[in-house]
Amino acid sequence: MQAARSSTLRALHSAVLQHLRVQPAQIGSTWGLFRAISAEAHAQGTCLSRSQVADRVLSVLKSSAKVDPLTVSETASFQNDLQLDTLDQVEIMMAIEDEFALEIPDADADNMKSTKDVIEYVVSHPRAK
């Protein structure tokens with residue numbers, strides 16, 4: 001049983017590396033795999049810079065009828081600075097999802113309390129466009 005599991009894991013590992021077009025010698029650890037995935041994402045042009053994400057997040061917020069554009073900043077708190085209630089925050093998260101073509105799980109959205117949180121989440125999301 002253990003041998004079968006080990007064989008399956010090796011096959012899966014090889015398939016992932018082949019898909020990423022990475023030689024096994026380039027991957028020494030989990031960090032090495034992360035770097036390979038990140039390099040592949042950059043090569044495909046799927047990673048966005050922090051400044052691109054920040055500009056687009058701030059634009060989404062400023063275009064919302066619920067937000068005073070003068071209060072929007074990269075560190076603005078949704079509740080304290082932007083005066084957004086829970087429903088408003090849900091609408092903002094939906095607009096962010098539309099802007100970046102991604103889905104934000106409710107648990108992650110609930111943890112985002114500021115524009116900085118949203119920016120960091122989108123920057124770190126490999127499928128954000």
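**Helix packing and salt bridges in a predicted all-helix model**

Gln83 counts as exposed, at 58% relative accessibility. The terms used here are as follows: exposed means over 50% relative accessible area, buried means under 20%, and partly exposed lies in between, with a 1.4 Å probe and protein chains only. The model is a predicted one, in which local features need pLDDT of at least 70 and side-chain atom pairs count only at pLDDT 80 or more, while totals for chains, interfaces and linings use all residues. Residues are numbered from 1 along each chain as its sequence is written, and side-chain values use heavy atoms, with hydrogens and water left out.

Gln83 sits in the loop between α3 (50-62) and α4 (86-100), and its phi is near 55°, a positive value in a residue other than glycine. Most residues other than glycine have a negative phi. Ala101 also has a positive phi, of about 55°, although it is not a glycine; this residue is found in the loop between α4 and α5 (106-111).

Turning to the overall fold, the protein chain has six helices and zero strands, and from the N terminus on its elements run α-α-α-α-α-α. Helices (H or I, at least four residues) and strands (E, at least two) are DSSP runs, numbered from the N terminus. Of the 129 residues in the protein chain, 33% are buried. The chain exposes about 8,700 Å², of which carbon and sulfur atoms supply 54%; these areas come from the Shrake-Rupley method with a 1.4 Å probe, and for residues only the protein chains shown count as cover. Among contacts (heavy atoms within 4.5 Å) with a separation of 6 or more, 50% are between residues 24 or more positions apart.

Next comes the interior. A nonpolar core is a set of buried Ala, Val, Leu, Ile, Met, Phe, Trp, Tyr and Cys residues joined through side-chain atoms within 4.5 Å. The largest such core has 26 residues, and those touching the most other members are Val57, Leu82, Ile96, Phe100, Ile104, Val118 and Val122. The elements that give two or more residues to this core are α3, α4 and α6, with the largest share, six residues, coming from α3. In soluble globular proteins, nonpolar side chains tend to be buried together. Leaving aside residues up to four places away in sequence, Ile104 touches Met93, Ile96, Glu97, Ala109, Met112 and Tyr121.

The buried residues of α3 are Val53, Ala54, Val57, Leu58, Val60 and Leu61. They cover an arc of only 155° around the axis, so they lie on the same side of α3; the arc is that of the directions from the helix axis to the C-beta atoms. An α-helix has 3.6 residues a turn, so residues three or four places apart point the same way. The buried residues of α3 pack against α4 and α6.

A search of the whole structure finds four salt bridges, each defined as a side-chain nitrogen of Lys or Arg within 4 Å of a carboxyl oxygen of Asp or Glu. In one of them, the side chains of Arg50 and Glu74 meet at 2.9 Å, N to O. That pair links distant parts of the chain, with Arg50 in helix α3 and Glu74 in the loop between α3 and α4, 24 residues apart. Glu120 forms a salt bridge with Arg50 too, the closest N and O atoms being 2.9 Å apart. Here Glu120 in helix α6 is linked to Arg50 in helix α3, 70 residues apart. Arg50 is partly exposed, with a relative accessible area of 34%; Glu74 is partly exposed at 34%, and Glu120 is partly exposed at 35%.

Asp88 forms a salt bridge with Lys66, the closest N and O atoms being 3.5 Å apart. Because Asp88 lies in helix α4 and Lys66 in the loop between α3 and α4, the pair ties together parts that are 22 residues apart in sequence. Asp88 is buried, with a relative accessible area of 9%, whereas Lys66 is partly exposed at 44%.

Finally, Ser114 lies in the loop between α5 and α6 (115-124) and is buried, with a relative accessible area of 11%. Not counting residues up to four places away in sequence, Ser114 touches Thr75, Ala76, Ser77 and Phe78.
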